[in-house]
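Please view the sequence and structure first.

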Amino acid sequence: MFFRTNQFQYNAKPEKPDPLYAKKLQEVLGGQWGEMSVMISYLFQGWNCRGPAKYRDMILDIGTEEIAHVEMLATMIARLLETSPVDAQEDAAKNSLVGAIMGGSRMEDVILAGMNPQHVIVNGLGAAPNDSVGYPWNARYTIASGNMLADFRYNVTAESQGRLQVCRLYELTEDRGVRDMLSFLIARDTMHQNQWLAAIAELEAEGLGETPVPASFPQEREFQEVSYQFWNCSGGTESAQGRWARGPAPDGKGQFEYLADPKPLGETVVELSAVDPRVHGTPKAPVPPKSAGGPNPAAANDPAKAGRSGKSA
């Protein structure tokens, strides 16, 4: 059961409306690395968790926290849209150069080009579950695999990408109210990155996961000759200088080997077999034309086609 309190987790009030910035802010709401993605990922990771109870509780703690972040961002976007788009952009539109950069000299063009028109047309000056270019959020952005080590590593990436985007958005506004909210979200992303790194270390210390993931698959079943080889598959040899090219692998189970000139291990490329005529693909050679009045090969085993050709049994 979820309960919502009638108080924001943190402030979500701009100094003044800004419909252009509202469009930008949609990215960290409904983009690939936005709050909706981590909210749904963490909730499903928690609901699907079959590991120790402390991990399930921790995951659901942060998943529930992210619901509040979504509400804060949606509210901030709605408040940035509270005034008329015409009023908000009137000064910029008076400058013909600014108007041209924004998409045209007419006020209508400026409004439609500069802001997200769906904020007006579809959402009635409110937020939408979309990114900054209007692409709808979708569940393909979420990860909940059932393997906690794999998921926690993804979670570090998600929090890193999310923090990166929020920091960039912080630099794109001078509004003290917006920056105040973003500073809170940036700080929580700092915590969450450290949280997931701590959880990864604890999982490994408790023997619940290790590299490579999944550790439950017997490594003797993989093609072990290439398990720790680094292949130089592009021009240049600078990659040979990295830690990944020599010495013990991080999992402690092998030694890195640098292959400066890797060779193909597979068979020579062969041609595919002839296409099934029922697929109507392109054949290897032209199909001989039918002779006038001759038999219809396609109708040979199809009585219905044979009947249409005027022949009877």
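Val28, Trp33, Gly34, Glu35, Val38, Ala158, Glu159, Gly162, Val166 and Asp189 line the largest cavity. A cavity is a set of points on a 1 Å grid over the protein atoms alone where a 1.4 Å probe fits but cannot get out; lining residues have an atom within 4 Å of a point. The model is predicted: local features need pLDDT of at least 70, side-chain atom pairs count only at pLDDT 80 or more, and totals for chains, interfaces and linings use all residues. Residues are numbered from 1 along each chain as its sequence is written, and side-chain values use heavy atoms, without hydrogens and water.

**Cavities**
- The whole structure holds two cavities of 30 Å³ or more.
- The largest cavity has about 80 Å³ of space.
- Helix H9 (148-171) supplies four residues of its lining, the largest share.
- The second largest cavity has a volume of about 50 Å³.
- Gln45, Asn48, Cys49, Ile59, Gly146, Met148, Asp151 and Phe152 line the second largest cavity.
- H9 again gives the largest share of that lining, three residues.

**Aromatic pairs**
- Ring pairs (centres within 6.5 Å) link Tyr42, Tyr55, Phe152 and Trp196 into a cluster.
- The count is eight aromatic pairs.
- Tyr42 lies in helix H3 (residues 35-47) and Trp196 in helix H10 (residues 176-205), 154 residues apart.

Note on methods
Phe/Tyr/Trp six-rings, centres within 6.5 Å; stacked < 30°, edge-to-face > 60°. Helix = DSSP H or I, 4+ residues; strand = E, 2+ residues; numbered from the N terminus. 1 Å grid on protein atoms, 1.4 Å probe; cavity = no way out; pocket = protein on both sides within 12 Å on 5 of 7 lines; lining within 4 Å. Points joined across faces, edges and corners; volume = space filled by probe spheres on them.
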